[in-house]
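My notes follow in the order of the look-ups.

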Amino acid sequence: MSETILDIRGLSKTYKGGLTALDGVDLQIRKGEIFALLGPNGAGKTTLIGAVCGLLRPSGGTIEAFGLDTQRQWRKVRQRIGLVPQELSFDMFAQVEHSVNYSRGMFGCAPDPKRIEQVLRSLSLWDKRDAKIRELSGGMKRRVMIAKALSHDPELLFLDEPTAGVDVELRRDMWRQIGALRDAGTTIILTTHYIEEAQEMADRVGVINKGKILLVDDKDAIMAKLGRSEARITLTEPLPEIPSALDKWHLTLEDENRTLVYAGAEGEGKRAAAELVKAVVAAGIGFEGIVTKESSLEDIFVDLVEGREGLAA
Amino acid sequence: MNLNLRGAWSILTNELFRFFRTVFGSILSPVLTTSLYIVVFGAAIGSRMDPSQFGGASYGAFIVPGLIMLTLLSESTSNASFGIYMPRFTGAIYELLSAPVGVAETLIGFVGAAAMKSLIIASIILITARLFVDYSIAHPLYAAGYVVLVAAAFSLFGFILGIWADGFEKLSIIPMLILTPLTFLGGTFYSVKMLAEPWRTIAQFNPVFYLINGLRWCFTGHSDVPIGLSLACTLGFVALCIAVIAYIFRTGWRLRG
């Protein structure tokens with residue numbers, strides 16, 4: 001899992017109007033992983049994908065995929081990359097199978113009806129192969145986009161907001177399909193607004209805002225480093241003041257001194273809350289209930305994009 | 001440079017597939033319009049015209065090359081411009097830009113398909129014209145080569161138009177306001193020798209005049225200008241279009257952000 005499949009160094013993109021969409025982005029993607037790129041609207045996610053896939057010309061920096069320069073050896077690189085853009089963009093009057101075959105041919109692959117059947121079946125589109133794309137539901141159209149991107153068996157697949165606008169059930173179905181692709185050896189980079197999606201699927205997570213990468217790390221490591229646990233201990237009797245034995249947790253009292261609140265700190269997860277409970281027992285403080293809440297990737301993401309860029313260092 | 005010929009073939013066949021999907025409208029409309037020209041001008045009015053003014057050919061036979069040229073110019077331009085504009089409009093252009101296809105494959109695919117479509121329509125019109133007009137082709141091989149060259153030239157022009165256009169209005173404005181008038185004023189229905197000065201001289205500044213006369217020479221063996229000049233004009237136009245397209249791909253103008 002440690003071989004680098006995509007190596008981006010100092011990538012920048014400034015549009016004609018002066019907008020800087022990417023500002024010195026460094027990013028390395030490992031072979032075989034699912035990498036989730038998170039960021040608010042306009043953060044630079046789609047621009048980053050566009051720069052790698054050849055949809056736009058970077059203003060500076062280098063991009064290497066499979067050890068090849070994407071500018072100079074673009075033919076070889078593009079043959080091995082698949083892209084599912086955010087928008088549903090195709091000839092709506094074309095039939096599903098024709099459209100997928102067209103994509104395969106454009107990437108220089110010989111016709112392979114069996115492979116196309118396999119792709120369509122894996123995305124539950126085989127029964128709709130003769131249907132015009134315009135006749136399909138939104139979710140199926142999105143699957144056609146994925147089928148087109150998979151038609152030439154890419155080693156590196158970009159999914160730009162793959163589940164945008166699809167219902168919860170279909171979203172979970174897509175997660176399963178994306179997981180299956182990873183299991184088959186495809187490296188996947190996805191951008192998403194749904195933090196739950198990243199939390200569910202990604203091996204590593206990157207957060208981008210205003211064209212800068214704020215953080216890249218293993219998902220679990222991020223949760224451990226930046227996650228926090230909050231605990232609310234309901235006491236049997238009001239406590240006049242917090243005993244000094246509990247000072248190190250920086251507790252507060254609420255609800256007329258009947259609730260002891262531990263707000264947690266970065267990197268202090270369940271274990272810190274458990275130690276607190278032990279300390280409360282040891283201090284002889286009676287309690288009748290404990291509610292704990294762990295911060296999600298979403299909380300961490302919100303914290304990061306709301307101005308804690310310093311954490312990137 | 002290793003060409004992605006499968007990619008080019010894929011684009012070409014996809015474009016032709018799109019054409020045959022709407023074959024009724026694509027073919028019927030230009031064939032009907034041109035047939036009406038031949039019937040009204042060629043058969044009805046033409047019978048009253050003096051053949052000596054048209055190099056001895058009947059008026060009907062005289063206008064056939066002009067009408068073929070009118071079809072080639074308008075169909076090549078609109079097919080190619082629409083072919084590349086639609087993926088830009090729908091966003092499906094992402095696939096072309098992210099695929100291992102370069103300028104050569106793109107031109108083979110889009111321009112090749114547009115030229116083939118217009119040649120199919122021109123052939124049908126030529127066959128249809130035979131029902132109304134007794135014409136002959138004096139130089140059939142030259143005629144075949146010349147129509148292919150003109151179809152390619154205006155498909156290249158249409159491709160540029162499709163890249164330049166940022167709306168459907170712009171897509172139709174050049175064919176409607178420039179190409180059609182130039183074709184009508186370029187001698188489709190008359191010989192410039194019939195014009196009085198200064199119109200005779202002004203007509204020679206019309207590039208389409210040379211195209212029409214080139215094809216007319218292939219059909220009748222007579223022309224208002226030497227065939228070499230017509231051929232040079234067409235080849236010059238092809239070279240200019242290729243240079244513009246090469247610039248577009250090198251800079252990514254209106255294609256890559």
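I count a residue as buried if 20 or more other C-beta atoms lie within 10 Å of its own C-beta atom. The model is predicted, and every value below is computed from it.

**Chain B, overall.** With that cut-off, I find that 45% of the 257 residues of chain B count as buried. I looked up the secondary structure next: chain B has 10 helices and 0 strands. I then checked its size against the globule rule. Chain B has a radius of gyration of 19 Å, close to the 18 Å that the rule gives for 257 residues, so it is as compact as a globular protein of that length. I note a span of about 60 × 35 × 35 Å for the C-alpha trace of chain B along its principal axes. I also looked at how far apart in sequence the contacting residues are. Taking contacts in chain B between residues at least 6 apart in sequence, 81% join residues at least 24 apart.

**Cores.** Which residues have the most contacts inside the largest nonpolar core? I find Ala36(A) and Ile68(B), in a core of 142 residues. Helix H3 of chain B, residues 59–90, gives the most to this core, with 15 residues. I listed the contacts of Ile68(B), leaving aside neighbours within four places in sequence: Ala122(B), Ile125(B), Leu126(B), Val147(B) and Leu215(B). There is a second, separate core of 9 residues, among them Ile233(A), Leu260(A), Leu276(A) and Val280(A).

**Chain A, domains.** I have chain A divided into domain 1 (4–224) and domain 2 (228–294). Over C-alpha atoms, the centres of these two domains of chain A are separated by 45 Å.

**Chain A, helix H10.** I looked at residues 297–305, which form helix H10 of chain A. Its buried residues are Leu297(A), Ile300(A), Phe301(A) and Leu304(A). Seen down the axis of H10(A), the buried residues fall within an arc of 100 degrees, so they line one face of the helix. What do the buried residues of H10(A) pack against? In chain A I find strand S3 (34–38), helix H7 (195–201), strand S9 (204–209), strand S10 (212–218) and helix H8 (219–226).

**Contact between the chains.** I find 26 residues of chain A in contact with 23 residues of chain B. On the side of chain A that touches chain B, the elements giving two or more residues are helix H1 (45–53), helix H2 (74–78) and helix H3 (96–106) of chain A. H3(A) gives the most to that side, with 5 residues. By class, I note 13 nonpolar, 8 polar and 5 charged residues on the side of chain A that touches chain B.

Notes
Residues numbered from 1 in each chain as written. Chains lettered and ligands numbered in written order. Predicted model: local features only at pLDDT ≥ 70, side-chain atom pairs only at ≥ 80, totals over all residues. Core = buried A, V, L, I, M, F, W, Y, C linked by C-beta atoms within 7 Å. Buried ≥ 20, exposed ≤ 12 C-beta atoms within 10 Å, placed from the backbone. Helix = DSSP H or I, 4+ residues; strand = E, 2+ residues; numbered from the N terminus. Contact = placed C-beta atoms within 7 Å. Domains from an automatic or database assignment. Rg over C-alpha atoms; globule rule 2.2 N^0.38 Å. Arc of directions from axis to C-beta. Nonpolar A, V, L, I, M, F, W, Y, C, P; charged D, E, K, R; others polar.
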